[in-house]
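Colleague: I would like to learn how to read charged side chains in a model. Could you take me through a case?

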Amino acid sequence: MKKLYVGCAISGLPQAEKDKFLGMIASLKDKLRGHFEVLDFLTATNTQGTPTEIYIRDIAECVEHADYMLAICDYPSTGLGYEMATAIEKRGIPVL
């Protein structure tokens with residue numbers, strides 16, 4: 001099964017919309033799991049991490065092993081931009 005990384009803003013989310021937005025992302029991922037092995041970013045695993053731990057999980061373990069990336073760009077996110085750049089420039093994988 002092909003691996004899909006779904007990335008989105010986390011730290012840049014407005015607090016009032018955070019739970020609703022992340023719930024929508026979780027629902028989308030659940031629907032995609034029937035077609036892909038979905039790789040989860042660190043906060044999707046309900047774990048808070050240091051910036052280094054987040055980088056290791058999101059970039060080194062997810063983006064580096066994904067076959068595709070889906071970027072949800074509803075909110076600004078430096079981390080999401082970095083993930084997209086890694087996927088496109090370093091890995092050469094399709095990003096939607």
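This is a predicted model: local features need pLDDT of at least 70, side-chain atom pairs count only at pLDDT 80 or more; totals for chains, interfaces and linings use all residues.

Colleague: Which side chain does lysine 29 meet in a salt bridge?

Modeller: First the general idea. Side chains of opposite charge can pair when their charged atoms come close. Here, lysine 29 meets aspartate 40, at 3.2 Å from N to O. Aspartate 40 is buried too, with a relative accessible area of 17%.

Colleague: Where do aspartate 40 and lysine 29 lie?

Modeller: Lysine 29 is in helix α1, and aspartate 40 is in the loop between β2 and α2. The pair therefore ties together parts that are eleven residues apart in sequence.

Colleague: Which residues are linked with Lys29 and Asp40 in a network of salt bridges?

Modeller: Asp30 and Arg33. Arginine 33 forms a salt bridge with aspartate 40, again given as 3.2 Å from N to O. Arginine 33 also pairs with aspartate 30, where the closest N and O atoms are 3.5 Å apart.

Colleague: Is aspartate 30 buried or exposed?

Modeller: Exposed, at 52% relative accessibility. Arginine 33 is partly exposed, at 33%.

Colleague: Now helix α1. Which strands does helix α1 lie across?

Modeller: Helix α1, residues 15–32, lies across β1, β2 and β3. Its direction is at about 170 degrees to β1. Those three strands form an open, parallel sheet in the order β2-β1-β3. The edge strands are β2 and β3, each pairing on one side only.

Definitions and conventions:
Residues are numbered from 1 along each chain as its sequence is written. Side-chain values use heavy atoms; hydrogens and water are left out. Two strands pair if DSSP finds at least two bridges between them. Helices (H or I, at least four residues) and strands (E, at least two) are DSSP runs, numbered from the N terminus. Contact means heavy atoms within 4.5 Å. Axes are lines fitted to C-alpha atoms, for helices over the stretch in contact, and angles run from 0 to 180 degrees between N-to-C directions. A salt bridge is a side-chain nitrogen of Lys or Arg within 4 Å of a carboxyl oxygen of Asp or Glu. Buried means under 20% relative accessible area, exposed over 50%, partly exposed in between (1.4 Å probe, protein chains only).
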